[in-house]
Amino acid sequence: HLDSPLIGLAEKDEALAAAFRKASRRAFDNLIDTAIEDEVDFVVIAGDLFDGDWRNYETGLVFARGMGRLHRAGIPVFKVRGNHDAECIFTKKLELPPNVTVFGSRKAESVELDELGVVLHGRSFAARSCADNLAAAYPPARGGRVNIGVLHTSLGGYEGHEPYAPCSTNDLVGRGYHYWALGHVHAANRVATEPCWIVYPGCLQGRNIRERGPKGAVRVTVRDDGAIRVEDLFLDAARWAAVTVP
């Protein structure tokens, strides 16, 4: 939700809203800095990168500059579009560096990284609303590879989130993948760790009082023996909290 307008907050306190708008960009920069410092093999973005069509090109340029930094560091990026940044929403176009792969919306696509022994599977939203079970049509896992599914979904439903691309954990497990990188739900959640990892990293930056506490991404490490470790990365630049005042 880069450059989320925070309309409700702006009506109450424009200065505070402006601070949080800047925070989303700083959190995004923190993600780019961390990826470069850790020399990660690739970055995955599971939808809702933007809050909707940009008011101007500045929002898109912020993203493009970040992708350019990753490109110069030799780090590819793989992303799907979610309900807020679906294909139908954008009237403005921006050329991105060649390290960025955006999965299409007509069907699930697979990208194989031979040198890493990894294959990523993903499908974008074509429209803001998606009532179909997209996961059911993802391809089966490819043998001898670490299979990663990238999906924007509400799973079986989460309070405060529209029921988009609904599916069950059994739908995900049944694909035979090792890891599912999920978007849409703003709170971090490890849905499952066995027989595969199913993970919502949550938003990079909390946008309102309902999104309290530390926010960020996850760093996933896969060992040669196939063991997976998932670590929280707290990257937010401003934080919401509920406090009791006597």
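View 1. D33 is partly exposed, with a relative accessible area of 28%; partly exposed lies between buried, under 20% relative accessible area, and exposed, over 50% (1.4 Å probe, protein chains only). The model is predicted, so local features need pLDDT of at least 70 and side-chain atom pairs count only at pLDDT 80 or more, whereas totals for chains, interfaces and linings use all residues. Residues are numbered from 1 along each chain as its sequence is written, and side-chain values use heavy atoms, with hydrogens and water left out. D33 forms a salt bridge with R69, their closest N and O atoms being 2.6 Å apart; the term denotes a side-chain nitrogen of Lys or Arg within 4 Å of a carboxyl oxygen of Asp or Glu. Because D33 lies in helix 2 and R69 in helix 3, the pair ties together parts that are 36 residues apart in sequence. R69 is likewise partly exposed, at 29% relative accessibility.

**View 2. The packing of helix 2 (residues 14-38) against helix 3 (residues 57-72).** The two axes come within 9 Å and cross at roughly 10°, which makes helix 2 roughly parallel to helix 3. Axes are lines fitted to C-alpha atoms, for helices over the stretch in contact, with angles from 0 to 180 degrees between N-to-C directions; angles under 35 degrees count as roughly parallel. Helices (H or I, at least four residues) and strands (E, at least two) are DSSP runs, numbered from the N terminus. Helix 2 contributes R25, F28, D29, I32, D33, A35 and I36 to the contact, and helix 3 contributes E58, T59, V62, F63, G66, M67, R69 and L70, contact meaning heavy atoms within 4.5 Å. These residues divide into eight nonpolar, two polar and five charged.

**View 3. The salt bridge between Glu112 and Arg142.** The side chains of E112 and R142 meet at 2.7 Å, N to O. The pair links distant parts of the chain, E112 in strand 4 and R142 in the loop between strand 5 and strand 6, 30 residues apart. E112 is partly exposed at 30% relative accessibility, and R142 is partly exposed with a relative accessible area of 37%.

View 4. Strand 10 and strand 11 (residues 228-234) run antiparallel and are joined by seven bridges; V218 has D232 of strand 11 as its bridge partner. The side chains of D38 and R219 meet in a salt bridge (2.3 Å, N to O), linking helix 2 to strand 10 (residues 216-222) across 181 residues. D38 is partly exposed, with a relative accessible area of 32%, as is R219, with 25%. A search of the whole structure finds twelve salt bridges.

How values were computed. Parallel < 35°, antiparallel > 145°, perpendicular 65-115°, else oblique. Nonpolar A, V, L, I, M, F, W, Y, C, P; charged D, E, K, R; others polar. Pairing = 2+ DSSP bridges.
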